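Please examine the sequence and the model shown here.

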Amino acid sequence: MHNRYVRVFRICFMIAVITGDIINSEEHKGSEWINVLKEQFLKWGETPTDWEIYRGDEFQFKIAPKKALWAAIHIKAIVKSIKNLDVRMAIGVGTEDFKGAGVSESNGTAYKRSGRTFETLKQAKLNLAIDTGNKKENQSLNLILKLALNFMDEWTSVSAEVIAIALSEPNRSQQEIAAMIGIQQSAVSQRQKRARLDLVMQLLDYYPQTVKEMKP
């Protein structure tokens, strides 16, 4: 009898994993931010398979690589809309080799890169960084992010609010945004300028070009 050999192919899917925690959460009640965060995460997937909030103020979620930076900046804007809060996040782009019951139980290079990068953020005094698995891409993207953080970390709560709306509803006019939050259109324009919405959008236009050719 001839031996039969079966060749097994493991399919690896490219994903992005974002690991983060809330800065200054100890100075706020969880009810001030956790429901807002959950509401946003639910728009992107289900818990615990796509996102989880754990240990009080830490979270992890997965998303398509091309949307990862948009999602991270969107979360930053949402959190900073609450006065004196900020968020620290690490993006890992790579594979999902094992899908557990929840994201915290899943594994792959995306999870490892996200977790390892997150561990370096506090010491590096950075609130956002990325590991794509490509050293050259990491250098250029992280330099750009450092420059962007110079103004994003300084967003006021009202500036962050208009950024969050602009990212979630990009087709809304300044007049429509003004009506939503009860201010004048000129105030919306001023807040967007102070928050450097133009540079945020340029960064988000640039980022997908760096990940479109990524392979597992």
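Predicted model: local features only at pLDDT ≥ 70, side-chain atom pairs only at ≥ 80, totals over all residues.

Residues are numbered from 1 along each chain as its sequence is written, and side-chain values use heavy atoms, with hydrogens and water left out.

**Overall fold**

The protein contains 8 helices and 5 strands, where helices (H or I, at least four residues) and strands (E, at least two) are DSSP runs numbered from the N terminus. Along the sequence these elements follow the pattern β-α-β-β-α-β-α-β-α-α-α-α-α. The radius of gyration, taken over C-alpha atoms, is 19 Å, close to the 17 Å that the globule rule gives for 216 residues, so the protein is as compact as a globular protein of that length. That rule is 2.2 Å times the number of residues to the power 0.38. Along the principal axes, the C-alpha atoms fill a box of roughly 85 × 35 × 35 Å.

Of the 216 residues, 47% are buried; buried means under 20% relative accessible area, exposed over 50%, and partly exposed in between (1.4 Å probe, protein chains only). Among contacts (heavy atoms within 4.5 Å) between residues at least 6 apart in sequence, 67% join residues at least 24 apart.

**The H5 and H8 pair**

Helix H5 (residues 157–168) and helix H8 (residues 197–211) have axes that come within 11 Å and cross at roughly 40 degrees. These axes are lines fitted to C-alpha atoms over the stretch in contact, with angles from 0 to 180 degrees between N-to-C directions. H5 contributes Ile163, Ala166 and Leu167 to the contact, and H8 contributes Leu197, Val200, Met201 and Leu204. These residues divide into 7 nonpolar, no polar and no charged; Ala, Val, Leu, Ile, Met, Phe, Trp, Tyr, Cys and Pro count as nonpolar, Asp, Glu, Lys and Arg as charged, and the others, Gly among them, as polar.

**Individual residues**

Two residues other than glycine have a positive phi:

| Residue | Phi | Relative accessibility |
|---|---|---|
| Asn24 | about 70 degrees | 29%, partly exposed |
| Arg55 | near 50 degrees | 66%, exposed |

Asn24 is in the loop between strand E1 (13–23) and H1, whereas Arg55 is in the loop between E2 and strand E3 (58–63). Pro48, in the loop between helix H1 (34–44) and strand E2 (51–54), is joined to Thr47 by a cis peptide bond with omega of about 5 degrees.

Ser189 lies in helix H7 (residues 185–194) and is buried at 17% relative accessible area.
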